Every structure is written in C-alpha cells, then in structure tokens.
Amino acid sequence: MTERREAIEAAYKTYLQTIGDACSFCASYEQDAEQILRYTEYFLIFKNIFPYDTFDTLQVDKHLMIIPKRHLLTFSEFTDEESREFMKLATEYEEQGFSLYSRSSTNATRSVRHHHAHLITLETL
C-alpha cells in the first residue's frame with residue numbers, strides 16, 4: 001500500500017489538472033529538469049515530485065523513478081536495448097537498497113499513462 005500526505009496528494013491532483021491531456025512525464029522533462037538526477041541512453045532517473053510518504057506501511061526515505069524517454073505504456077513495448085538498460089538500472093538501484101515497484105497499464109491506481117517504475121527506500125527503524 002502506498003500513501004501520500006494529504007497536502008502532497010492535493011498538489012499532485014492539481015498538477016494533473018493543469019497539464020490536461022498531456023503526459024505529465026513528457027511535460028516534466030521540459031518543466032522540471034531539476035528533478036532529473038540522471039540521463040541514460042533510454043531512461044531518466046527522476047526524483048518524484050509528489051513522493052509517497054509510506055510504502056508497505058513503512059516510512060519512505062527516498063522516492064525516485066525510472067522513466068523511459070520514449071512515451072510507452074508497457075514493458076512489452078521496450079526494445080531489446082531498452083529492456084537491457086532497464087534491467088541494468090533496476091539491478092544497480094537494487095544494490096543501493098531501493099525496491100522496485102511498477103503498476104500494470106490496466107491498474108486503476110496508475111495515474112500516469114507513461115510506463116515508469118518507482119524506486120523506493122524505506123527509513124530504517
């Protein structure tokens with residue numbers, strides 16, 4: 001289960017309304033460049049603008065995302081090169097203590113119709 005604080009959730013919903021039918025990730029590449037931590041050939045590592053507060057009922061420490069540069073909806077649309085690079089990035093961040101989370105394109109709670117995966121670390125007790 002993922003949750004955001006009420007103020008962050010409200011800001012997120014307002015943000016989605018302001019961009020209308022545009023893809024928020026595609027728009028973010030231009031508008032929120034300071035959120036981009038890393039560029040690779042096929043992906044961006046992006047600091048989540050509206051991070052989760054909790055994940056699996058624990059406090060979130062860091063919340064990043066792996067976002068394809070191309071506007072894609074599913075893993076199945078990845079080229080072989082994109083698949084290899086995605087797995088390399090997922091492995092690299094997993095080794096740094098990040099958990100990987102991605103919703104299917106048909107998941108009702110997926111609010112952005114651009115494939116992405118969340119990279120999350122949790123605060124230790």
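I began with L44, which stands opposite I67 in strand 5. Strands here are DSSP E runs of at least two residues, helices H or I runs of at least four, numbered from the N terminus.

The model is predicted: local features need pLDDT of at least 70, side-chain atom pairs count only at pLDDT 80 or more, and totals for chains, interfaces and linings use all residues. Residues are numbered from 1 along each chain as its sequence is written, and side-chain values use heavy atoms, with hydrogens and water left out.

**Strand pairing.** I looked up the partners of strand 5. Strand 3 and strand 5 pair antiparallel over 5 bridges (pairing needs at least two DSSP bridges). Strand 5 also pairs antiparallel with strand 7, over 6 bridges. There, M65 stands opposite H118.

**H118.** I found H118 in strand 7, residues 117-122. H118 is buried, at 3% relative accessible area (buried is under 20%, exposed over 50%, partly exposed in between, with a 1.4 Å probe and protein chains only). I noted a side-chain polar contact from H118 to H63 at 2.7 Å (N or O atoms within 3.5 Å, one able to donate a hydrogen and the other to accept it; sequence-adjacent residues count only if both atoms are side-chain atoms).

**Core.** I then checked the largest nonpolar core, which has 13 residues (buried Ala, Val, Leu, Ile, Met, Phe, Trp, Tyr and Cys joined through side-chain atoms within 4.5 Å). I66, F86 and Y93 touch the most other members. Helix 3 gives the largest share, 4 residues. A second, separate core of 11 residues includes I67.
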